[in-house]
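Welcome! Take a moment to look over the sequence and the 3D view, and then we can walk through them together.

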Amino acid sequence: MRSLHLRHFKSGLVVISMIIATIIVLLPLCFIFVNIIKMGLSSLSPEFFTSIPKPPDESGGGVANGLVGSGIMLVISSLIGLPIGILGAVYLSEHRHGTFASFIRFCADVLAGVPSIITGMVAYVLVVVPFKSFSAIAGSVALALIMIPIVLRTAEEQLKMVPDTLREASLALGVPHWRTSLKVILKSAMGGVITGILLSVARIAGETAPLLFTALGNQFWNWKLMQPMAALPLQIFNFAISPYDGWHKLAWGGALVLVIIMFSINLAAKSFGRR
Amino acid sequence: MPEKTFKRNDLLKGDYIFRLCTLLFASVILVILVVIVWQMTKESLPAIRKFRWDFLVSSDWNPVDGKFGALPYIYGSVVSSILAIIIATPLGVATALFITEISSRRIGRVISSLVELLAAIPSVIYGLWGIFVMAPWLQQTIQPWLSDHLGSIPFFAGAPYGVSMMAGALILSIMILPIIAAISWEVILAVPQSQREAAIALGATKWEMIRISVLPYAKSGILGAVILGLGRAIGETMAVTMVIGNNPQISLSLLAPAYTMPSVIANEFAEATSTLHYSALMEIGLLLLGITLLVNIFARLLIASISRKQKGGVH
């Protein structure tokens, strides 16, 4: 009987340690949120969203150019990445048992594991070196390289869930295969595909490493795509490692804004997925 | 009649073109992968030719004299990633087990979505938090204590700087926890319920049930999760760059600043003026790429082989 007690005691001990482990896992999340909200709120003001960073010895300033720059680069990288990702996913789901399809799927998984700083180096070689300038286009290419495998895999998962009967019904009505793929399969999976798109956009919205030597960042306004452009994550990084208190404040404010943007995209994605 | 055949051919042609188009777009993935490997190799050739194996074993990194040895960066990357794995694996697996085996479904759902949030936070924000909150905290509390009481052990020798190998490993472990927890959670969920019921029916306690019927079944999947976490940790750039101290030295002490492969690229690449410096950084990138490709291919094959086995329905 003693051994039975011992066994239950041991089991209880393990269960308690699991609960403690779970709490330890969630602690950093709470700390990070509390800190970002506390430090970030104090630096938010209308000026924060409308003006560009000020020199370190002046107080105030904002990240308006970074917000706009991030937006521009997200749009361009989506224009590059989404068609490739989605049409590639159509191929994978239409030929799902093919050897080539599973090879591509494997490549996409491996590509998704490539560190983001490497995509930055490759975009540097492909875009910055030939055009002899750091540029928003180079940053967008680097982000698109990260986006493509994510969109491809999530869109494929969604397309695969469309029931075969829908496809068969469409083909039986004499609709050509390609129109079936686009108008029936892709259309009925659209909600899920949009979820995947939004998640991938949220993912690259926070990327910093691939922009370090492609978009480079900019202290001023710039609307030229072939020139260095500011981006919010880059600003957070540069302000954080600077020795100036005023810029540290901007970094915390930028972090709060970035987190809010990313979580709202994530929430939007979830609500699309539920429909 | 002729009109009809024309239409039919037309239809087939449309299918053919569409198929070709989608095939082309799917192949872009392969092209990207090949271009990445090829460009990185091409750009690092000057450094490879000049330094050969010295690059991997020398710790002399001096852009002014044109000397480049990557050992301190390799050491920093390997040690910080392994430490992160050691911290994150038990915590991640325990969380996954708690969600699946112990908590009620509702609490489990809340916890797993919180862990998902942890994965959604960008690297630079972890870095910001690390540099202003975690590193000062380490410097004021944990590190002085370690240095005072365990300073005779080489791992904890030296002055508390805050930014250190310890800070880098801690921030990495927080960042890879969600990956390890999420994948372990999926594999554990895939363990057939009958396995658990069999153990319970034999009178097993909760822990014995987990040990006898859950863990052996999920073992290789969890290993895959850990390896994927390792791949993520080695390539992680921003957060580590901000807290590890960026000092290219090889020190046993966890309190000493260190440097990693992605960090040196992040800090020096934009300012590398000489061809050799640029090429040396490219070679570090190539090494990093090689390591992450190997790690990812291995982990994917492992996870794929498990799902194939489970589809076969052996048990």
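In which helix is B:Gln39 found?

## A residue of chain B

B:Gln39 is found in helix H1 of chain B, which covers residues 2-51. Helices here are DSSP runs of H or I with at least four residues, strands are runs of E with at least two, and both are numbered from the N terminus.

B:Gln39 has a relative accessible area of 7% and is buried; buried means under 20%, exposed over 50%, and partly exposed in between, with a 1.4 Å probe and protein chains only. Leaving aside residues up to four places away in sequence, B:Gln39 touches A:Val125 and A:Leu126, where a contact means heavy atoms within 4.5 Å.

## How the model is described

This is a predicted model, in which local features need pLDDT of at least 70, side-chain atom pairs count only at pLDDT 80 or more, and totals for chains, interfaces and linings use all residues. Residues are numbered from 1 along each chain as its sequence is written, chains are lettered from A and ligands numbered from 1 in the order in which they are written, and side-chain values use heavy atoms, without hydrogens and water.

## Chain A as a whole

Turning to chain A, you will find 11 helices and 0 strands. Its C-alpha trace spans about 75 × 70 × 35 Å along the principal axes.

Of the 275 residues in chain A, 53% are buried. Among contacts in chain A with a separation of 6 or more, 74% join residues 24 or more positions apart.
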